[in-house]
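Welcome! Please take a first look at it before reading on.

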Amino acid sequence: MPGPPRLSPDPSCPYSRMPWGLGLSPWKTAVILSLLLSSTALSPRSGQTKIPLETVKLWADTFGRDLYDTVTKYSGSLLLQKKYKDVEPSLRIQAVDGLELVRKFSEDMETMLRRKVEAVKVLQNLVEAAEEADLNHEFNESLVFDYYNSVLINERDANGKYVELGAEFVLESNAHFSNLMVNTSLSSVQLPTNVYNKDPDILNGVYMSEALNTVFVENFQRDPTLTWQYFGSSTGFFRIYPGIKWTPDENGVITFDCRNRGWYIQAATSPKDIVIVLDMSGSMKGLWMTIAKHTISTILDTLGENDFVNIIAYNDYIHYIEPCFKGILVQANRDNREHFKQLVDDLMVKGVGVVDQALREAFQILKQSQEARQGSLCNQAIMLISDGAVEDYEPVFEEYNWPDRKVRVFTYLIGREVTFADRMKWIACNNKGYYTQISTLADAQENVMEYLHVLSRPMVINHDHDIIWTEAYMDSKLFTSHAQDLRLLTTVAMPVFSKKNETRSHGILLGVVGSDVALRELMKLAPRYKLGVHGYAFLNTNNGYILSHPDLRPLYREGKKLKPKPNYNSVDLSEVEWEDRTETLRTAMINGETGSLSMDVKVPLDKGKRVLFLTNDYFFTDISDTPFSLGVVLSQGHGEYILLGNTSVEEGLHDLLHPDLTLASDWIYCITDIDPDHRKLSQLEAMVRFLTGEDPDLECDEELVQEVLFDAVVTAPMEAYWTALALNSSEDYQRVADRAFLGTRAGLLRSSLFVGSEKISNRKFLTPEDKASMFTMDHFPLWYRQAAEQPAGSFVFNLHSTEEPGPGEPAVVTASTAVAVTVDKKTAIAAAVGIQMRLDFLHHLFWAATQQCSAGDGLCPQSCRDSDLDCFVIDNNGFILISGRPQETGRFLGEVDGALMTQLLSMGVFSQVTLYDYQAMCKPPNHHHSAARPLVSPIYALLTRTRWLVNELLLFLLQWSTWGSWRVPSGAEAKAVFHHTHKHQRQDVLQPCDTEYPMFMHQRAIQEANGIIECGACQKVFVMHQIPNSNLLLLVTDPTCDCSIFPQILQEATEVKYNASIKCDRMRSQKLRRRPDSCHAFHPEENAQDCGGASETSASRPLLLLPLCAWLLPPQLLR
């Protein structure tokens, strides 16, 4: 089953299933409906098994009574209820003011984020100081300077000596940095494989940025909550603090280039509208088309969520590579960028290029977007990619762009031919753009980056140091060896400029400084205990994307590995808070409003197997000076109140030190991450030091500490109660329950074993390995949340089966109930208590109960042990806890007996709800060729192998040539470029998709039901009865009738397939977004004549033959 999305059905949705949701054909559905409509009117046939209603009721009541007696005894729930009742006179139940709460959280987050901004400002000021010193520093072409290269540090050669740029660099594990090996005294410098580490530009830049080391350290000492601090240079090097060892990928390549990161691009340029115009005439065939495609891919990698884009290809005529995007700009989010890359990869060259029509279309798109107030409403540019054979372009510029030149035109001359270079350069220089020639794959990265420098000129000349915040991204993007460690971050960044007077009109961008903020640390400022059992807080960006949300699932499992989802940081608020059908909440939050609204929601639990129906109140406001908005959710009813008690420190401290007591390790009771001496303390240890006065420097949440002390005192008698039970129980009783446990709203947890730890059935329960059973930052335990929605005094039973059970390892069941307190007609949940019991004991209790019969019946004529009866105990979501066939335990009833589940649904005993998951991962359809095609067509198989050989030959030649700049180790660069060019072609096994899946819920109002199902040649009789004080149902049915005419009802997710029209509408839709506040598009002092020139090229003889080889091969091999 998929993980739990926060989604709910929409009956009006055009792709919703029929209410039955059984996946049946219409004729079969009609047959089943007719059978069901006639079944309840039938009487059992002669010889048909009769099931006495009174007997089933007796069995259910007896089993329910015995079960209730057992779980109340071993859990001590009645004792705990009494203890809270005894202290009721001293209790206060306070209503939670959601608006006040969200404002307070927002102010705290604003204060924290302001500290991060100050750290970046200090960095920027230091860089400015270094730039002042640089006024007297002449660029040294022959500078020799050793620095700590992140890849080479601590590396030795065959003689045991440190390699060049790889001196000794002390690294130590640091918990604050996810236990990575770091050096908190120094920074280190990383470069991508295709940047030469001794280039004079690199050496001079690294030398000047050495001064940052001191500020990095001072920042961290002043604010120990800071994480990574760094400087990304426009020349390609990346200085990061604390210093780390950087590990290449499995191909030995460092593909990370700081200039491609969202924080760099957003800080370096204002938002932009880009139309890419690609020449796909016959002259672009072979290697030139391969280079052109790679250039487009590189351009797309420089775009972000605040940018808009489209791509037009032209030859004899023009066409949009995505016809659905005709005439518009689309947001350059990850999904659209990847979609464009796949479409570009499939383009074929043919015909003659007619550029003027394509340019006219590009200008019209940009003009219409501006007039409609769509797109970025800032920079606008056209990227022309061609081999230079262009004509009749000047009238287009006269008509659309002169004299204001509001649209910049960047030209990319593909290939080594320079015949048409003057034309391409003229176009760029007369439209405030930049011209470059790209003759190799390796040229693309550096040449594409030039357009960012041009777009940054107005901001640089004005010295506008805009502060930007990024969308969420994963720490493991930087450190691939730690991809299993989920750590979502946002970055605050600021551009760094050259202040030299002689280069002022050129607007030289030196780089970008930035610092990471762990979103987990930010969300700690919205403590869980203030939000109640089902409450939570979340953040979203100006684009409507989720920054932090308990239902954001950024990882997926592929085999045994956890991997980031491709679109994890572009999940829209409307895709998790799906109940906001009119997007009222989304609109208000994007607009930065403060307010509230209420919604009925359906909350999936337990990996999508169960569902809660709640009414939630949403409170929201913006976080000043950031593009973020904060939302707080409180559930109506008990979620609107908080229980406040009072006790002395002495009494509370005594009970706090009991060995059975722990606290939620993720919650912040005391701040322990600032002082290094406190980082090794657990929250319980820190609280004890705070209460005893042992450490006066500790800062603690006094309200939460007081709640913990009160809960510790009230729940203290439970330890003695459970201990007495364990001591007085015989061996037989030890098989009843493994342990008892309780939790309180303050995150306090008590647990006591009734058996030795070696005999415990489920050792992961109540440990960090089973997060669903623990208090976390995102949610209360599953057993607590379910119990809170059960009727007072009723227990909720849940079957837990380990993912990889050992031989003979028994299945276990948890039973839990909530303890509610009412004061002045206001009710709050104080705690939840329960036991972990073995399923075999539940079986024993059940079979004994079903031996009972009423006094008037004499000897019991029937029992669930009989072969002519099938008995099931199922929970309120339809999962089997007890069956005469052990292999059916834990399965969904509809999978085991489709006829019975169908009848229960038709009678309204169960209801079905279809939910949608917009964060799902599915196996991609085979859009290309059939896997069987090589068997049918030997020629196709031969061509496929030939194409593979050509790719391998290309990589081989790249590694043996001086491809691109002579300074770069050519083989390494070739591997990096080839790897980067083709990485988007390697499809993962799973891809993002939308899915729907059914949920089933028992209707509590229907406590008993019976009927007869007509199954053709026979009839199936059944009786259902609610088991008192539980979420369980007893089902007794006749197994002798074959009802296979009814299909199984499966609780499986299926992919939502959109037809072409709906898919196009979804892709074209422009959701509401809030544009960044600043825009720097032009400056009158800008030197527009600094518009580029031909790049240096040096290629070996084999590489010069590649175009010829490509020309000789069939075009589909190198398209």
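Predicted model: local features only at pLDDT ≥ 70, side-chain atom pairs only at ≥ 80, totals over all residues.

A residue counts as buried when its relative accessible area is under 20%. At 2% relative accessibility, Ile-461 therefore falls into the buried class.

**Confidence**

- The average pLDDT of the chain is 83, and 83% of the residues reach at least 70.
- Residues 1-44 have a pLDDT below 50, and this stretch makes 111 contacts in the model beyond near neighbours in sequence.
- Another stretch, residues 955-987, also stays under 50 in pLDDT; for these residues the model has 74 contacts beyond four places in sequence.

**Nonpolar cores**

- The largest nonpolar core holds 201 residues. Within this core, Phe-63, Tyr-84, Leu-656 and Phe-797 touch the most other members.
- Helix α4, which covers residues 98-134, gives the most to this core, with ten residues.
- A second, separate core has 44 residues, among them Ile-276, Leu-287, Ile-321 and Tyr-412.
- Which residues does Phe-63 contact, leaving aside its neighbours within four places in sequence? They are Leu-842, Leu-845, Phe-846, Ala-849, Val-873, Ile-882 and Ile-1027.

- Strand β9 spans residues 308-314 and is mostly covered, with seven of its seven residues buried.
- Phe-308, Asn-310, Ile-312 and Tyr-314 point one way from β9, while Val-309, Ile-311 and Ala-313 point the other way. Residues on both sides of β9 are buried.
- Strand β8 (residues 272-279) runs parallel to β9, and seven bridges join the two. Leu-278 stands opposite Ala-313 of β9.
- Between β8 and β9 the chain passes through helix α8 (residues 287-301), and this β-α-β crossover is right-handed.
- Strand β10 (residues 318-320) pairs with β9 in the antiparallel sense over three bridges. One point to look for is Ile-312, whose bridge partner in β10 is Tyr-320.
- Three residues lie between β9 and β10, and the two strands form a hairpin.
- Strand β11 (residues 330-331) also pairs with β9 in the antiparallel sense, over two bridges. Here the bridge partner of Val-309 is Val-330.

**A three-stranded sheet**

- In what order do the strands of the open, three-stranded sheet lie? The order is β2-β3-β7, and the pairing is antiparallel.
- β2 (172-174) and β7 (243-244) stand at the edges with a single partner strand each, so one side of each has no neighbour in the sheet.
- β2 pairs with strand β3 (residues 180-183) in the antiparallel sense, over three bridges. Within this pairing, Met-181 in β3 is the bridge partner of Ser-173.

- Ile-461, the buried residue from the opening, has its place in helix α13, residues 443-462.
- How many residues apart along the chain are Ile-461 and Glu-1086? They are 625 residues apart, while their C-alpha atoms are separated by 7.5 Å.

Note on methods: Residues numbered from 1 in each chain as written. Heavy atoms only, no water. pLDDT = per-residue confidence, 0-100. Contact = heavy atoms within 4.5 Å. Pairing = 2+ DSSP bridges. Helix = DSSP H or I, 4+ residues; strand = E, 2+ residues; numbered from the N terminus. Core = buried A, V, L, I, M, F, W, Y, C linked by side-chain atoms within 4.5 Å. Buried < 20%, exposed > 50% of the residue type's maximum accessible area, 1.4 Å probe, protein only. Right-handed = clockwise from strand over helix to strand, strands pointing away.
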